[in-house]
Amino acid sequence: MRKGEKGIFALMAVVVVGFFFINQHRHAQEEGEDPGIPFYSTADKALQDAGAKLYKKYDCRDCHTIWGVRNPMQSVPSPSLDGIGSLKTEEWLFEYFSAPNPQEILPSRLKAEYQMPSFADLPEDERRTLARYFASLKVEDWYLEEVKKSEYEKLTGRSYQEKLDAEAKQ
Ligand code: HEC
C-alpha cells in the first residue's frame, strides 16, 4: 500500500466510526433516553439508617415495598411506599402512624388482618422518625402523575381521568 492510500483508508475509517456514533446518539434521542429510577430520598444518612431500622423492626416490610424490593414471603396487597413523601406530608404521616384506627384516616377495602395496623403505641420519637423518613421518599414529577392515578384508582375504584375531567369542568 502506498502512503497516500493509507491516509485515505484512515480517513474513511474515521468517517465510518463517526457516522456510527452520530447515528447511535440520534437513535437514543428518538427513542427517549431511559429516564432512570424515579424514586429518591432527601434524607441524610442518619435519617435513612434510622428509618430503615424501624421499617425492619416493626415488620413494615412484611406488607410493604420500598425501592421496589419486595419480601418474597409477602402476600398482602399493600401499597408500595416508594415516593410516598411526594403524596403525603410529614404531618399527615405522623397522624396516620399515631392513629388508634388508621382506617378512619385512610379507608381500607381489605380484610382486617391485611389492613394497616395501628402504631399509636410506639414511642413518639419513633413515630416522628418514621414520618420524617417516609416524607423524605420522593418521586420525580414525570412519574408522580402515574403514581397519583394508580393510588386514586386503587383506593376509590374509580377512573382518575374522569376525576380530572370533572375538575376541569368546575
Ligand atoms: C399487616 C400489613 C401491614 C403492616 C405490617 C404495615 N402496613 Fe402500612 N399499610 C398496609 C395497608 C394494607 C395499607 C393501605 C391502607 C389499608 O388498607 O389499611 C397501608 C398503608 C400505609 C401507608 C399509607 C400509604 C398510602 O398510599 O397512603 C403508609 C405510609 C404505611 N402503610 C406505612 C407503614 C409503616 C411505616 C409500617 C411499619 C411501621 C407499616 N405500614 C406496616 C399494611 C401494612
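Asp59 lies in the loop between α2 and α3 (84–87). Helices (H or I, at least four residues) and strands (E, at least two) are DSSP runs, numbered from the N terminus. The model is a predicted one: local features need pLDDT of at least 70, side-chain atom pairs count only at pLDDT 80 or more, and totals for chains, interfaces and linings use all residues. Residues are numbered from 1 along each chain as its sequence is written.

Phi of Asp59 is near 55°, a positive value in a residue other than glycine. Most residues other than glycine have a negative phi. Asp59 counts as exposed because it has 11 C-beta neighbours inside 10 Å.

Asp59 follows α2. This helix spans residues 45–57, 13 residues in total. From first C-alpha to last, α2 reaches 18 Å, close to the 18 Å expected at 1.5 Å a residue. The expected span is 1.5 Å times one less than the number of residues. Tyr55 lies in α2. Tyr55 is partly exposed, with 17 other C-beta atoms within 10 Å. Not counting residues up to four places away in sequence, Tyr55 touches Cys60 and Arg61. Contact here requires C-beta atoms, placed from the backbone, within 7 Å. The C-alpha atoms of Tyr55 and Tyr133 are separated by 9.8 Å, although these residues are 78 apart along the chain.

The protein chain has seven helices and two strands. Along the sequence they follow the pattern α-β-α-α-α-α-β-α-α. Of the 170 residues of the protein chain, 14% count as buried. Among contacts between residues at least 6 apart in sequence, 62% join residues at least 24 apart.

The largest nonpolar core has 16 residues. Such a core is a set of buried Ala, Val, Leu, Ile, Met, Phe, Trp, Tyr and Cys residues joined through C-beta atoms within 7 Å. Leu81, Leu93, Phe97, Leu130, Ala131, Phe134 and Leu137 touch the most other members. At least two residues of this core come from each of α4 (90–98), α5 (124–135) and β2 (137–139). The largest share, five residues, comes from α5. Leu137 touches Phe39, Ser41, Ile66, Leu81, Asp82, Gly83, Ile84 and Gly85, not counting residues up to four places away in sequence.

In α4, Leu93, Tyr96 and Phe97 are buried. They cover an arc of only 95° around the axis, which puts them on the same side of α4. The arc is that of the directions from the helix axis to the C-beta atoms. An α-helix has 3.6 residues a turn, so residues three or four places apart point the same way. The buried residues of α4 pack against α5.

Trp142 lies in helix α6 (residues 141–156). With 9 C-beta neighbours inside 10 Å, Trp142 counts as exposed. Leaving aside neighbours within four places in sequence, Trp142 is in contact with Pro35 and Pro38.

The ligand is surrounded by 26 residues. A residue is near it if its C-beta atom, placed from the backbone, lies within 6 Å. The closest are Cys60, Cys63, Ser108, Gln115 and Met116. By class, this shell has 17 nonpolar, five polar and four charged residues. Ala, Val, Leu, Ile, Met, Phe, Trp, Tyr, Cys and Pro count as nonpolar, Asp, Glu, Lys and Arg as charged, and the others, Gly among them, as polar.

How values were computed. A residue is buried if 20 or more other C-beta atoms lie within 10 Å of its own, exposed if 12 or fewer, and partly exposed in between; C-beta atoms are placed from the backbone. Two residues are in contact if their C-beta atoms, placed from the backbone, lie within 7 Å.
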